[in-house]
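Student: I'd like to learn how to read a structure like this one. Could we go through it together?

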Amino acid sequence: MNIDRNTAVDLLNKYVVTEHIKTHSFAVEAVMRALAKRLSPQDVDLWGITGLLHDLDNDLVDWKSDMSLHGKRTVKILKELEFGNEAMYNAILAHNPATGKKVENVFENALYSGDPITGFINAITLVYPDKKIASVKVKSIVKRMKETRFAAGANREAMWAIENTGIKFEEFAQLSLDAMKEISDVLGL
Ligand SMILES: [Fe+2]
């Protein structure tokens, strides 16, 4: 099975037309790579590329008619292209609970928690006067977690679930923030 990053980027560009989903995919890749290193030994490239592709079907499925299709469609595409492996497919399915696939290992847990924190950090960045991720402090990420009306769509339960991997939320926030700061130009933040 091919698990090459350049091919993954080509797939992302081919299937995802919504620009903010593309940048979100790069953010999740960065967070997944950081989590793989932190939870070493893990396959850093596999984790990163899975982050990059987890929302590949975003513009293909009709979310409103059937939420459970999100993830399943991505896996179907990847299997047909003989790209990826079972661990990748399971993580992609488990990031959307509507598929019925439960989070069963640390890799699946990382994607489940790493997905929402990128959007959450994005939303926090945009309330800063300069809208720059360089200005964001971990303290404000922790504080905003308790403000349930702020970025209400960001799944708090999924983000807290990082603690099931043994990483405390505050460290997760720091690690994710640092990973996103490194690619701030790609993210436009
Ligand atoms: Fe996502």
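**Reading the model**

Tutor: Let's start at D4, which sits in the segment before α1 (5-15). Helices (H or I, at least four residues) and strands (E, at least two) are DSSP runs, numbered from the N terminus. Bear in mind that this is a predicted model, where local features need pLDDT of at least 70, side-chain atom pairs count only at pLDDT 80 or more, and totals for chains, interfaces and linings use all residues. Residues are numbered from 1 along each chain as its sequence is written, and side-chain values use heavy atoms, with hydrogens and water left out.

Student: Is D4 buried, exposed or partly exposed, and what do those words stand for?

Tutor: Buried means under 20% relative accessible area, exposed over 50%, and partly exposed in between (1.4 Å probe, protein chains only). D4 has a relative accessible area of 32%, so it is partly exposed.

Student: Which residues is D4 in contact with, leaving aside its neighbours within four places in sequence?

Tutor: Contact means heavy atoms within 4.5 Å. With those neighbours set aside, D4 is in contact with I49 and F83. I49 is 45 residues from D4 along the chain, yet their C-alpha atoms are separated by 8.0 Å.

Student: How many helices and strands does the protein have?

Tutor: There are 10 helices and zero strands. The order from the N terminus on is α-α-α-α-α-α-α-α-α-α. The radius of gyration is 16 Å, close to the 16 Å that the globule rule gives for 189 residues, so the protein is as compact as a globular protein of that length. That radius is taken over C-alpha atoms, and the rule is 2.2 Å times the number of residues to the power 0.38. Taken along the principal axes, the C-alpha atoms fill a box of roughly 45 × 35 × 30 Å.

Student: What share of the residues counts as buried, and what share of the contacts joins residues at least 24 apart?

Tutor: Of the 189 residues, 52% count as buried. Among contacts between residues at least 6 apart in sequence, 62% join residues at least 24 apart.

Student: Now the backbone. Where is there a cis peptide bond?

Tutor: Look between S40 and P41: a cis peptide bond joins them, with omega at about 0 degrees. P41 lies in the loop between α2 (19-38) and α3 (44-53).

Student: Which residues have a positive phi without being glycine?

Tutor: K131 is one of them, with a phi of about 50 degrees. You'll find K131 in the loop between α6 (106-127) and α7 (138-146), and it counts as partly exposed at 45% relative accessibility. A151 also has a positive phi, near 45 degrees. The loop between α7 and α8 (156-160) holds A151, which counts as partly exposed at 24% relative accessibility.

Student: Last one: what does UniProt list for residues 23-98?

Tutor: The unreviewed entry lists them as "domain: HD". UniProt positions are given in the numbering used here, feature names are shortened, and annotations may be inferred rather than shown by experiment. In the model, this span is 58% helix and 0% strand, and its end C-alpha atoms lie 24 Å apart.
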